[in-house]
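Let's take a walk through this protein together. Have the chain in view and follow along as we go.

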Amino acid sequence: MFFPQKLGASVPKIIVEVMPKADLLDPQGKAVANALHRQGNARFENVRIGKRIELHVTGEVTEADLAKARKIAEEFLSNGVIEDVVNIHVEG
(Lines give C-alpha, C1' and ligand atoms only; values in the text may rest on other atoms or scores of the structure.)
Protein backbone atom coordinates (compact mmCIF):
# COMPACT_ATOMS: atom_id res chain seq x y z
CA MET A 1 0.00 0.00 0.00
CA PHE A 2 1.29 3.47 -0.90
CA PHE A 3 1.21 6.29 1.69
CA PRO A 4 2.36 9.62 0.24
CA GLN A 5 2.96 11.12 3.71
CA LYS A 6 4.06 9.65 7.01
CA LEU A 7 1.25 8.66 9.34
CA GLY A 8 0.34 11.50 11.64
CA ALA A 9 1.74 14.14 9.29
CA SER A 10 -0.61 16.98 8.43
CA VAL A 11 -1.71 16.63 4.81
CA PRO A 12 -3.99 19.18 3.18
CA LYS A 13 -7.33 17.63 2.23
CA ILE A 14 -10.19 18.76 0.09
CA ILE A 15 -13.37 17.59 1.79
CA VAL A 16 -16.38 16.84 -0.42
CA GLU A 17 -19.75 16.45 1.31
CA VAL A 18 -22.59 14.79 -0.58
CA MET A 19 -26.18 14.44 0.62
CA PRO A 20 -29.32 12.89 -0.83
CA LYS A 21 -31.48 15.45 -2.64
CA ALA A 22 -33.84 17.12 -0.15
CA ASP A 23 -37.01 15.99 -1.94
CA LEU A 24 -35.99 12.30 -2.05
CA LEU A 25 -36.64 9.67 0.58
CA ASP A 26 -33.56 8.79 2.65
CA PRO A 27 -34.32 5.24 3.91
CA GLN A 28 -31.06 5.02 5.85
CA GLY A 29 -31.76 8.32 7.60
CA LYS A 30 -35.37 7.25 8.30
CA ALA A 31 -34.15 4.01 9.93
CA VAL A 32 -31.73 5.94 12.16
CA ALA A 33 -34.45 8.47 13.08
CA ASN A 34 -36.81 5.66 14.04
CA ALA A 35 -34.11 4.01 16.18
CA LEU A 36 -33.38 7.31 17.92
CA HIS A 37 -37.08 7.80 18.68
CA ARG A 38 -37.35 4.27 20.10
CA GLN A 39 -34.47 5.12 22.44
CA GLY A 40 -36.25 8.22 23.73
CA ASN A 41 -34.55 10.83 21.54
CA ALA A 42 -37.74 12.36 20.15
CA ARG A 43 -36.25 15.86 19.79
CA PHE A 44 -34.34 14.69 16.69
CA GLU A 45 -37.17 14.94 14.17
CA ASN A 46 -35.34 14.02 11.00
CA VAL A 47 -32.05 12.37 10.06
CA ARG A 48 -30.38 12.52 6.67
CA ILE A 49 -27.27 10.49 5.96
CA GLY A 50 -24.73 11.49 3.35
CA LYS A 51 -21.09 10.88 2.65
CA ARG A 52 -17.80 12.66 3.21
CA ILE A 53 -14.97 12.14 0.74
CA GLU A 54 -11.41 13.23 1.55
CA LEU A 55 -9.11 14.10 -1.35
CA HIS A 56 -5.57 14.26 0.03
CA VAL A 57 -3.44 16.81 -1.81
CA THR A 58 0.31 16.97 -2.28
CA GLY A 59 1.46 20.51 -1.50
CA GLU A 60 -0.71 23.56 -0.97
CA VAL A 61 -4.32 23.53 -2.21
CA THR A 62 -4.96 26.05 -4.98
CA GLU A 63 -8.14 27.52 -6.43
CA ALA A 64 -7.54 25.31 -9.48
CA ASP A 65 -7.45 22.25 -7.19
CA LEU A 66 -10.78 23.28 -5.65
CA ALA A 67 -12.32 23.80 -9.09
CA LYS A 68 -11.06 20.38 -10.21
CA ALA A 69 -12.41 18.79 -7.01
CA ARG A 70 -15.84 20.34 -7.63
CA LYS A 71 -15.88 18.93 -11.17
CA ILE A 72 -14.80 15.49 -9.92
CA ALA A 73 -17.40 15.65 -7.14
CA GLU A 74 -20.23 16.45 -9.51
CA GLU A 75 -19.20 14.08 -12.31
CA PHE A 76 -17.72 11.13 -10.43
CA LEU A 77 -18.20 11.18 -6.64
CA SER A 78 -21.94 11.84 -6.62
CA ASN A 79 -25.00 10.70 -8.51
CA GLY A 80 -26.58 13.92 -9.78
CA VAL A 81 -29.99 12.26 -10.11
CA ILE A 82 -30.33 11.52 -6.38
CA GLU A 83 -27.53 13.47 -4.64
CA ASP A 84 -26.29 17.04 -4.24
CA VAL A 85 -22.72 18.13 -3.58
CA VAL A 86 -23.43 20.37 -0.61
CA ASN A 87 -19.97 21.52 0.41
CA ILE A 88 -16.35 21.48 -0.69
CA HIS A 89 -13.72 22.91 1.63
CA VAL A 90 -10.06 22.57 2.59
CA GLU A 91 -9.00 20.95 5.86
CA GLY A 92 -5.53 20.53 7.30
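You'll find Glu-74 in helix 2. Its C-alpha atom is separated by 18 Å from that of Asp-23, a residue 51 positions away along the chain.

A quick word on the model: it is predicted, so local features need pLDDT of at least 70 and side-chain atom pairs count only at pLDDT 80 or more, while totals for chains, interfaces and linings use all residues. Residues are numbered from 1 along each chain as its sequence is written, and side-chain values use heavy atoms, with hydrogens and water left out.

## The sheet

Helices (H or I, at least four residues) and strands (E, at least two) are DSSP runs, numbered from the N terminus. Here, 3 strands form an open sheet in the order 2-1-3, with antiparallel pairing; two strands pair if DSSP finds at least two bridges between them. Strand 2 (51-56) and strand 3 (83-91) sit at the edges with a single partner strand each, so one side of each has no neighbour in the sheet. On average, neighbouring strands are turned by 20° against each other, direction ignored.

Now for strand 1 (residues 13-20), which is joined to strand 3 by 8 bridges. Ile-14 has Val-90 as its bridge partner in strand 3, and Glu-17 has Asn-87. Strand 1 is also joined to strand 2, by 6 bridges, and there Val-16 stands opposite Ile-53. Is strand 1 mostly covered or mostly open? Mostly covered: 6 of its 8 residues are buried.

## Helix 2 against the sheet

Helix 2 (residues 63-77) packs on the sheet and touches strand 1, strand 2 and strand 3. Touching means contact, that is, heavy atoms within 4.5 Å. The direction of helix 2 makes about 150° with that of strand 3. Such angles run from 0 to 180 degrees between N-to-C directions, with axes fitted to C-alpha atoms (for helices, over the stretch in contact).

## Leu-24

Where is Leu-24 found? Look in the loop between strand 1 and helix 1 (27-38). Leu-24 is partly exposed, with a relative accessible area of 32%.

Note on methods:
Buried means under 20% relative accessible area, exposed over 50%, partly exposed in between (1.4 Å probe, protein chains only).
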